[in-house]
Amino acid sequence: MYLLSPGPAVDDRALEDLYAYPTELTRPYVQVNFVSSADGAATMSGRSRGLSSPADKKVFALGRDLADVVLVGAGTALTEGYRGVRHTELRASRRERLGLSDIPPIAVVTGRGSVDPTSPLLTDTTVPPIILTSAAAPAEWRKAVADVGADVVVAGEDRVDPATALASLADRGLLKVCCEGGPTLFADLIAAGLVDQLCLTVAPLLTGAGAVRVADGLPSAEPMSLSLESVLSDEGFLMLRYRKTAASGRE
């Protein structure tokens with residue numbers, strides 16, 4: 001365990017080493033990134049951006065830089081105004097050095113087809129997105145999003161099955177998975193035992209009642225045991241990194 005707060009400043013390379021994915025992966029490794037208030041809210045005024053900070057955004061961007069694919073629920077993607085991952089000089093040089101593709105695709109989970117074919121997720125992107133949906137989504141919608149360039153994957157009957165969705169990403173060689181929420185997708189991944197690492201930023205704010213928690217939806221049969229691997233702080237924000245313990249399985 002690393003205790004980096006209080007302590008010396010952490011540079012970009014040290015951050016990269018700290019948040020690096022395991023090497024020689026043979027299955028999808030799921031890292032989930034979230035920010036919450038000190039009293040557990042995942043949003044403020046309906047969005048997560050009001051909880052973030054420059055340091056949190058740096059860790060968030062790093063998660064994308066190190067990943068093969070960005071996984072996100074459609075509700076979060078639409079609420080937060082997602083587009084394709086952007087090209088930056090730092091991102092390009094880092095990913096080239098690490099042997100990754102130029103830009104990671106975004107994989108969007110939508111069981112019923114809630115992403116409009118004209119959404120910036122599909123039209124404002126360099127890399128075609130992956131749409132992870134279910135057989136319950138209208139066939140006409142599936143054809144429409146495929147026609148604008150999306151890679152459409154049916155990963156379940158009535159709803160998207162997380163294990164099937166991750167297997168489809170693995171089939172495409174995408175093993176380093178950076179999940180950016182939202183709460184429903186996170187709850188599904190926890191319930192299925194598919195979370196390997198949680199990167200949680202805690203904002204020095206109390207938002208009060210009403211906001212959703214970072215995990216909200218399908219209940220889990222039992223808690224997942226985590227180990228605290230690192231702690232960073234900046235301007236009162238805590239950036240915590242937890243890993244699933246061996247006792248929780250799927251190591």
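Helices α1 (residues 12–19) and α2 (residues 54–66) pack with their axes 10 Å apart, at an angle of about 65°. The model is predicted.

**Packing of α1 and α2**
- On the α1 side, the contact is made by Asp12, Leu15, Glu16 and Tyr19, and on the α2 side by Lys58, Val59, Leu62 and Leu66.
- Sorted by class, the contact of α1 with α2 has five nonpolar and three charged residues, and no polar ones.

**Nonpolar cores**
- The largest nonpolar core has 32 residues.
- Val32, Leu71, Leu132, Leu166, Leu169, Phe186 and Leu189 have the most contacts inside this core.
- Two or more residues each come from the strands β2 (29–37), β3 (69–73), β4 (106–109), β5 (130–133), β7 (176–179) and β8 (197–203), and from the helices α7 and α8 (183–191).
- The element that gives the most to this core is α8, with four residues.
- Leaving out residues up to four places away in sequence, Phe186 touches Val32, Phe34, Val195, Leu198, Val214 and Ala215.
- Another core, of 18 residues, lies apart from the largest one and includes Val59, Leu66, Leu232 and Met239.

**Helix α7**
- Pro162, Ala165, Leu166, Ser168 and Leu169 are the buried residues of α7 (residues 162–171).
- These buried residues line one face of α7, because they fall within an arc of 155° when seen down the helix axis.
- Gly173 follows α7 and has a positive phi, near 75°.

Methods
Residues are numbered from 1 along each chain as its sequence is written. This is a predicted model: local features need pLDDT of at least 70, side-chain atom pairs count only at pLDDT 80 or more; totals for chains, interfaces and linings use all residues. Side-chain values use heavy atoms; hydrogens and water are left out. Buried means under 20% relative accessible area, exposed over 50%, partly exposed in between (1.4 Å probe, protein chains only). The arc is that of the directions from the helix axis to the C-beta atoms. A nonpolar core is a set of buried Ala, Val, Leu, Ile, Met, Phe, Trp, Tyr and Cys residues joined through side-chain atoms within 4.5 Å. Contact means heavy atoms within 4.5 Å. Axes are lines fitted to C-alpha atoms, for helices over the stretch in contact, and angles run from 0 to 180 degrees between N-to-C directions. Ala, Val, Leu, Ile, Met, Phe, Trp, Tyr, Cys and Pro count as nonpolar, Asp, Glu, Lys and Arg as charged, and the others, Gly among them, as polar.
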